[in-house]
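Hi,

Here is the structure I promised to pass on.

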Amino acid sequence: MTVQRPGGQQFPAGQLPAGQLPAGQLPAGQLPAGQLPAGQRRLVVTDLSFRYAGQSRNALSHVNLTVAPGEMVLVTGPSGCGKSTLSLVLAGLAPSRVAGRLAGSVLLGEENISSLEPAQAGQRVGLVFQNPNLQLFHQMVEAEIAFGPENLRLPRQIISERVDASLRRTGATALRKAATFTLSGGEKQRVAIAATLAMEPEVLVLDEPLSDLDPVGAQDVLRSLEALRDERRLAIVLIEHRVDEVLEHVDRVVLLDDGRVVLDRPAADAFADAGPWLAAGVALPEVIQVARGLPEIFTGALPLSVTQAAAVLAASPGVVAGAARPGAPEHSTAGHGAAGGGRMAAESAPVTGDPAQAEEPGPPDGPALAGGQTPGGGLALAGGQTPGGGLALAGGQTPGGGLALAGGQTPGGERASRAGEAAAGVWAGVSLSLGGRQVLDGASLVLHQGEWLALIGANGSGKTTLAGLAVGFEAPDRGSVEIGGAAVRKGSVAAQAERVGFLLQAADEMLFCNSVDDELTFGPRYRRAGVSGAEPAAAGRRSAKRTRLRIMIGSISQAHVLKDRPNDEIGHSGELSQDELLAVLGLQGLGARSPWQLSQGQRQRLALGALLAGAPDLLILDEPTTGQDTGHARAFMTWLEQLRERHGLTYLMITHDMRAVARYASRVAVMAGGRILATGTPAEIFARTDVLTESGIIAPPIARLHLRLAASAGAPPPAAVHLDVQSFLDAVRPRLAPV
Amino acid sequence: MAHFLTGTLLGRSIVAYVIVFVVPLVLPVVFIKLIGLGGIRDLLAYEPKDTVLHRLDPRLKLIYLGVVGILSVLLGWQPMLILFALTIIPWALLRPSWQRTRLLLIFFVAPSVAMFWSQGLYNLPPNGQGYLIHFPWTVAWVGTPGLAKYGMIYGLEQIGRVLLAVSTSLLVLLTTDVTDMTWALEHLGLPPRVGFAFNAALRFLPEMLSRTTLVLRAVELRGYDLSRPRWYQVGDWPDYVRRVTRCVPIVTVPLLIGSLRGTTTMAMVADARAFGLHKRRTYLREHRQTRADIAAWALMALLLIGAAAAVRWHFWARPYGG
């Protein structure tokens with residue numbers, strides 16, 4: 001039998017997969033009566049349960065889900081809830097390629113996906129994995145996309161058509177002749193999507209496709225997916241943690257927790273009830289928090305994007321007038337941005353805060369939280385207090401919550417850099433060329449003692465390379481690097497590890513042992529054995545630091561760290577047992593388990609815990625929240641914040657997570673093209689739209705909302721923006737026009 | 001000074017120790033320093049260009065590789081060296097970048113010097129004559145009486161054979177996209193899985209090298225000291241060797257597990273893209289014979305005829321065992 005394609009070409013039917021054949025030309029018996037033609041079939045998951053071989057608990061339990069053509073569904077949930085397992089089952093790879101027991105059904109129309117071979121299932125349901133490097137087999141993009149159709153033995157002309165179409169639909173036509181190793185992360189992910197699309201599936205499942213992408217790259221991918229949904233009527237299942245960024249692009253939201261569907265609603269209704277989200281430990285998107293905090297304004301559907309929220313707020317005259325007021329925000333607490341040891345005056349903006357608003361210093365120890373937590377894990381702060389010691393603002397609170405310090409001291413008696421005290425790190429005019437490419441170009445940066453500096457920029461801007469100079473990965477071609485006043489020598493990585501802990505982005509590569517317990521003791525074991533000629537003084541200093549770390553870990557409530565619940569008690573002091581340390585890391589009961597049996601988020605926490613066991617003075621965190629759900633990420637970051645504030649640790653954080661920057665960083669440095677473009681407090685930097693545009697950064701939602709409102713009022717851009725929901729609400733509420 | 005080095009026992013011993021130890025030990029250091037893992041990755045990478053070599057039929061290039069490999073063993077060293085000189089011509093057509101050229105030269109020269117030197121030291125002349133340098137009794141414990149011209153000449157011959165095969169292999173890798181190689185292997189009668197395995201190996205070897213570098217960095221970040229002592233810190237070298245040796249099983253775990261996990265994902269992706277669904281595949285790019293291909297086939301035929309004649313009638317027979 002031959003099949004006629006548009007254009008008049010004829011091909012033997014056996015050379016085209018069933019999905020390619022027009023319904024009217026399917027061989028007899030392949031199209032049961034009443035079955036919808038391919039491209040119009042719904043994906044229906046009924047009572048699906050799946051248990052991995054050798055496990056005692058289900059990874060998925062009684063999951064019901066329907067995805068219609070032309071619908072994009074967001075599936076989210078805490079780490080380990082079964083999202084990736086669901087993706088494997090939907091794509092027909094489990095249990096055929098991943099051993100386990102499946103109950104229930106996954107039907108595409110009348111076709112049972114689970115009963116198909118992966119090669120057949122792949123033509124119905126395409127799966128894009130998290131790591132694009134593992135999905136690209138070829139050296140050239142064109143060959144990569146043609147790979148699937150070639151395996152189907154399609155004629156050359158059809159293969160060429162599919163390659164063209166896939167590149168066009170993902171906006172990757174310009175990459176056709178490129179080598180895959182030259183692509184950026186976002187480009188690789190788009191090529192991976194294109195290669196999957198070349199199989200012409202009816203359903204596309206993407207498992208955390210944005211996790212390694214910068215915000216601009218992520219938006220590129222999301223726009224491609226929207227086009228596929230709207231133009232091709234593809235059914236799309238998007239599994240993601242980054243709910244803020246994807247919410248406006250999806251039609252429906254499904255919340256998974258512990259392998260079960262907890263919530264399945266249209267996007268506009270998904271957050272009407274915050275209970276399921278809180279219970280699952282998933283933070284509400286910030287625009288949703290704003291809307292819930294202003295019910296008198298948001299009387300209709302909840303906004304799904306900054307644009308929608310701004311449109312509603314702009315209709316309220318009082319809100320707009322407030323946003324146009326110079327010097328706003330007054331009470332910007334920036335989460336905790338003003339507290340903590342070593343806060344320095346903003347470097348790039350004048351102090352504009354109102355001295356009359358200065359607050360009394362809070363207690364020196366322990367989180368000073370007035371009021372409870374907001375839904376979703378945010379902190380409700382009264383009077384500008386922040387966790388970890390409160391504020392002492394003596395004339396000159398900066399808009400972003402940074403401090404102008406008198407005498408170099410922070411409130412609460414915490415450590416601060418004083419005049420003459422060595423900075424934690426100094427990069428002075430460093431330039432570095434690697435592989436013929438200028439990676440760093442005269443970058444200069446000072447990292448002050450006790451501060452939390454976030455280094456942000458697009459992929460390839462040089463952030464990780466700059467940070468790597470601090471541990472001696474490379475030596476700059478020009479310029480110098482000093483850590484703690486001592487020059488860093490290339491190759492002295494283990495020696496630098498005494499004072500600098502570096503958590504790699506690929507935290508998995510930092511795990512070497514057979515059990516979680518062994519990982520935590522790796523450093524002390526091998527440092528003593530591996531370092532020859534260690535001086536007794538240095539050994540004593542390390543021992544003292546380790547004891548200090550054990551004591552400070554012991555003072556943190558485990559419950560607070562684990563689930564972001566109110567910190568009801570200050571825990572015990574003294575040394576922490578291994579089990580207690582595991583609990584602090586959220587790994588209780590897993591001490592004997594192999595690290596490779598943990599989820600990605602768990603492994604990340606383990607890797608950092610192992611570094612902290614060495615009690616470094618400076619921690620470099622390379623994308624610490626990647627792959628973690630918001631609940632675990634926030635608990636983890638809050639724990640780090642408390643460690644830093646109490647014991648003067650210094651953090652350099654490289655991240656694409658602008659919400660984490662807004663919430664935790666005391667200062668931000670923006671990189672582009674191997675240079676530092678600007679430094680300042682988060683509130684100031686996220687107000688600098690010129691800098692953000694040049695560096696390919698998208699500000700967090702509240703900051704963008706503030707800027708939108710100011711723009712809609714015709715006011716000049718503010719010098720600093722709100723960063724957290726509470727400060728924004730505090731600024732807006734007093735100005736609401738009376739009803 | 002010359003008299004000291006050549007006329008005194010101490011001087012001659014110093015010279016002998018330098019010849020036996022310093023020259024051979026410098027070579028791997030030079031190789032690692034100037035090439036390293038990153039250099040190997042760059043060396044094996046396909047160089048996307050549009051040259052006549054790139055456009056040649058990939059089957060021709062694979063067959064050429066096999067033919068040259070066999071001839072490098074069968075031919076006497078004179079015709080073998082002539083063949084090696086001829087294989088330099090395609091490199092001139094390719095015009096690699098200076099960075100690639102530098103890597104190639106180091107990649108070829110360092111092992112060549114090592115082989116040349118080791119043969120000169122340990123491939124001893126049967127008649128006990130023909131030494132360039134006789135070592136004094138103070139060096140007798142290393143097991144060689146001196147540096148022999150006999151061995152050096154033999155080393156040169158073996159270098160030529162190895163370089164011939166290696167040079168040809170690199171030329172094919174640099175000028176042939178892996179997809180084309182897969183196509184060629186299948187059109188030479190091999191199943192698609194062989195081509196895919198070859199493809200995957202070439203694609204992921206650089207990734208593996210990158211990961212190895214990353215894992216070694218991670219080990220050091222955890223406090224495991226892998227810094228090398230200075231050459232003159234002789235007492236620290238045994239400890240360094242011990243540390244490096246102990247590190248091998250430590251890094252093997254994440255490397256292996258990461259590779260296996262990655263392999264699992266790759267296998268699932270390959271399955272999802274229907275690899276193995278049919279015994280044969282179609283290809284986006286097909287190769288039609290061009291005039292350049294016909295000329296290249298003709299040249300290879302001449303090469304085979306010439307080589308067969310040389311072997312059959314013992315032209316320039318191999319001096320060592322024929």
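**What I found**

Let me start with the interface: chain B and chain A bury about 5,800 Å² between them, with carbon and sulfur atoms giving 61% of that area. Buried area here is the accessible area (1.4 Å probe) that two parts lose on being put together, summed over both. Three residues, Arg222(B), Arg273(B) and Leu284(B), supply 18% of what chain B buries against chain A, more than any other three residues. The contact, meaning heavy atoms within 4.5 Å, takes 65 residues from chain A and 53 residues from chain B.

Before you go further, note that this is a predicted model: local features need pLDDT of at least 70, side-chain atom pairs count only at pLDDT 80 or more, and totals for chains, interfaces and linings use all residues. Residues are numbered from 1 along each chain as its sequence is written, chains are lettered from A and ligands numbered from 1 in the order in which they are written, and side-chain values use heavy atoms, with hydrogens and water left out.

**Chain B**

Chain B has 12 helices and 2 strands. Both kinds of element are DSSP runs numbered from the N terminus: helices are H or I with at least four residues, strands are E with at least two. Reading from the N terminus, the order is α-α-α-α-α-α-α-β-β-α-α-α-α-α. The C-alpha trace of chain B spans about 75 × 65 × 35 Å along its principal axes.

How do helices α5 and α12 of chain B cross? The axes of α5 (residues 58-74) and α12 (residues 291-312) of chain B come within 11 Å and cross at roughly 15°. Axes are lines fitted to C-alpha atoms, for helices over the stretch in contact, and angles run from 0 to 180 degrees between N-to-C directions. α5(B) and α12(B) are therefore roughly parallel, a label for angles under 35 degrees. On the α5(B) side the contact includes Leu60(B), Ile63(B) and Tyr64(B), and on the α12(B) side Asp293(B), Ala296(B) and Trp297(B) are among the residues involved. By type, the residues of this contact divide into 13 nonpolar, no polar and 1 charged. For that count, Ala, Val, Leu, Ile, Met, Phe, Trp, Tyr, Cys and Pro are nonpolar, Asp, Glu, Lys and Arg are charged, and the others, Gly among them, are polar.

**Chain A**

One open sheet of 4 strands in chain A has antiparallel pairing and the order β4-β3-β6-β7. Two strands pair if DSSP finds at least two bridges between them. Its edge strands are β4 (60-67) and β7 (111-112) of chain A, each pairing on one side only. β6(A) and β7(A) pair in the antiparallel sense over 2 bridges, and Leu107(A) stands opposite Asn112(A) in β7(A). Helix α1(A) packs on this sheet, touching β3 (43-52), β4 and β6 of chain A, and its direction makes about 120° with that of β3(A).

Another open sheet of 4 strands, also antiparallel, runs β14-β13-β16-β17 in chain A. Here β14 (437-447) and β17 (486-487) of chain A are the edges, each with a single partner strand, so one side of each has no neighbour in the sheet. β13 (residues 425-434) of chain A pairs with β14(A) over 7 bridges in the antiparallel sense.

A cis peptide bond with omega of about 5° joins Ala94(A) and Pro95(A); Pro95(A) is in the loop between α1 (83-90) and β6 (100-108) of chain A. Arg153(A) is not a glycine, yet has a positive phi of about 60°.

Cheers

Methods. Angles under 35 degrees count as roughly parallel, over 145 as roughly antiparallel, 65 to 115 as roughly perpendicular and the rest as oblique.
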